[in-house]
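Here are a few friendly notes to read alongside the model. Please keep the structure open while you go through the points.

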Amino acid sequence: EYLAMQGELVLREAMQEVRQQLELLSPKQAKPILINYIADNDMDDVIKLLGSMKPKKREAILKTFTTEEDIEMLYKIQRKMLAGEPEKPFIDEKSKALEQLQAQEK
């Protein structure tokens with residue numbers, strides 16, 4: 001349990017460091033980095049990074065997404081955000097497992 005907690009702490013700190021670095025970059029520098037994360041199937045990380053940014057920084061980066069392809073990427077990001085990702089599927093999975101355990105105990 002301790003190791004799991006430490007692992008989560010390290011990941012949170014790493015996410016915070018990356019977010020801070022992205023906020024220091026110009027929006028034109030940050031955009032291709034986020035696009036690379038998306039290309040690497042790290043959409044959940046992009047959602048977390050954007051969601052934790054200061055609103056003005058996030059807005060400046062999002063305004064650089066101007067092409068049709070960019071808009072399609074933003075649409076996909078927003079669809080996942082509306083679905084509560086990345087947290088909601090994890091919560092749903094754990095809730096279902098808990099319900100199954102409770103049903104087995106009865």
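**Notes on the predicted model**

1. Let's start with alanine 97, which sits in helix α6 (residues 87-105); helices are DSSP runs of H or I, at least four residues, numbered from the N terminus. Alanine 97 is partly exposed, at a relative accessible area of 35% (partly exposed lies between buried, under 20%, and exposed, over 50%, using a 1.4 Å probe and protein chains only).

2. Residues are numbered from 1 along each chain as its sequence is written, and side-chain values use heavy atoms, leaving out hydrogens and water.

3. Do look at asparagine 41, in the loop between α2 (27-39) and α3 (43-52). Asparagine 41 is not a glycine, yet has a positive phi of about 60 degrees. Asparagine 41 is also exposed, with a relative accessible area of 71%.

4. Which helices each supply at least two residues of the lining of the largest pocket? They are α1 (2-24), α3 and α6, and α1 gives the most, with 6 residues. The lining divides into 9 nonpolar, no polar and 5 charged residues (Ala, Val, Leu, Ile, Met, Phe, Trp, Tyr, Cys and Pro count as nonpolar, Asp, Glu, Lys and Arg as charged, and the others, Gly among them, as polar).

Note on methods. This is a predicted model: local features need pLDDT of at least 70, side-chain atom pairs count only at pLDDT 80 or more; totals for chains, interfaces and linings use all residues.
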